[in-house]
Structures are given as C-alpha cells and as structure tokens.
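Please read it alongside the sequence and the model.

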Amino acid sequence: MSREQQKRQAAEAALEFIDESLTIGVGTGSTVNHFIDALAEHRIHIQGAVASSEATAERLRKRNIPVRELNDTGDLPLYIDGADEFTHHKQLIKGGGGALTREKIVAAASERFICIADDSKRVRMLGTFPLPVEVIPMARSFVGRQLARLVGEPRLRSGATTDNGNVIIDVHGLEIMEPIALERRINDIPGVVCNGLFALRGADQILVATADGVERID
Ligand code: 5RP
C-alpha cells in the first residue's frame, strides 16, 4: 500500500467519530485533505468546521463544508489533524505545513484531539523531523541565536510566511528527551509565537495506518 493510500486509510478511520450535529476543528496537511475529501465523498454533512489554516478553509469551502470562526463557535468537541512525528505517548511534532500556531489553538480549544497518520510518522523519540518554530519577523535573528544556544541547529525556512504573517525557523539535530520541558523553554524565548511540539496538549488518540490496517493508540 502506498503512503498516500495509508493516509487515506487513516483519514477514513476518523469518519466513525464524526456526528453530523457537530462543528469540528479541522487541521492542515495532505492527510487532513484526505479526511475532507472523505467527508464529502461519503456525504457526511457536518454543521461546520473551524480550519487551522487558510489552505484548509479553502478546501473545506470547495467541498461545501461551512467554515466557521473559533471566536464564534466557542470550544469544540473534536479536532482532527495529522502530524509530522508521533510517539506512543501521543506527543507530536507538527508544523511541517507551517500551520502550527493555529493548529495548537484549535487543539487547545477542543475537547478531543484525534490525530491521523501513516506509520512512517511513528518514532521512539521526537526530533528527527526538524522542529518548526513560528517567530515574529523582527525577532528572527535574536530567536535564531537563542535556539542555537539552547537547543539545536536553527534554519530559517526559506520563502515561508505563515497565515499570521510570521516566519518559521526549523530546528534540526534534536533528540527530544523531555518534550514538555522543551516546549515550555522554547515558548519562553521572546519573539517566539509558538513551537511545533504538541506535548503539553498532545493527541487524545492516534489512528495509525499500517500495512495491517489501522492501529489505535489510546
Ligand atoms: C501542518 C501539520 C501537518 O499535520 C503535518 O505537517 C502532517 O502533514 P501531512 O499530513 O501532509 O503529512 O502539522 O502544519
């Protein structure tokens, strides 16, 4: 089974958690795109969706799924999103697609976060995937120096501007033994908006597409 087929399989597995009476949070990325497509193809008509990026909002609209603002909905019952890496503790690295800040906000505002991923994202220790950090542009060099001193090898993501008008620094060469402590430490650097560690608020459940079917990590 190809990687793309596995992403579709994980996305389809999330459908069983969807109730048409709900407005849900919808993340960003190719796995989530499969989820949006699956909702439409199975003719599941949810009340609405809060999107974690402009790209997701556009895809939802194309599929005739009403897009709502988090400021209007209040907290959400459910958030569906992918990940760049996950551990069996359900801690994640996210932000490969640059949407980490809005993803973290929607995840925090949701009662339940179901992560959908293919098996290639599974790791024993987070950090092989470069950790994205969203940074206010005028603080770019300062934050880069702080990250180099504190944690690893920062590299500015070339040509990337987030939906919030900020830049992204990817931190390479990490072996993250204490994800919660590192998430807090990076957030404490002035100029950092958010980082891609989802450890303080990890996933509640991960649906992992494997060669043998979908595994659930509860
Ligand atoms: C975007 C993300 C995505 O969830 C992550 O990059 C996974 O993407 P994909 O499903 O395309 O592999 O965090 O900011």
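1. An oxygen atom of the ligand lies 3.2 Å from a polar backbone atom of G97; a polar contact here is a pair of N or O atoms within 3.5 Å. A backbone N or O atom of G82 is 3.4 Å from a ligand oxygen atom. From E103, a polar side-chain atom comes to 3.1 Å of an oxygen atom of the ligand. Of the 380 Å² of accessible area that the ligand has on its own, the protein covers 91% (Shrake-Rupley method, 1.4 Å probe).

2. The model is predicted: local features need pLDDT of at least 70 and side-chain atom pairs pLDDT 80 or more, while totals for chains, interfaces and linings use all residues. Residues are numbered from 1 along each chain as its sequence is written, and side-chain values use heavy atoms, without hydrogens and water.

3. Which residues come nearest to the ligand? They are S30, T31, D84, G95 and K121, out of 17 around it (a heavy atom within 4 Å). By class, this shell holds two nonpolar, nine polar and six charged residues, with Gly counted as polar and Asp, Glu, Lys and Arg as charged.

4. The protein is assigned domain 1 (3-122 + 200-217) and domain 2 (131-196), with bounds from an automatic or database assignment. Their centres, taken over C-alpha atoms, are 24 Å apart. The contact between them takes 15 residues from domain 1 and 18 residues from domain 2 (heavy atoms within 4.5 Å).

Notes:
A polar contact is a pair of N or O atoms within 3.5 Å; within protein, one must be able to donate a hydrogen and the other to accept it, and residues adjacent in sequence count only if both atoms are side-chain atoms.
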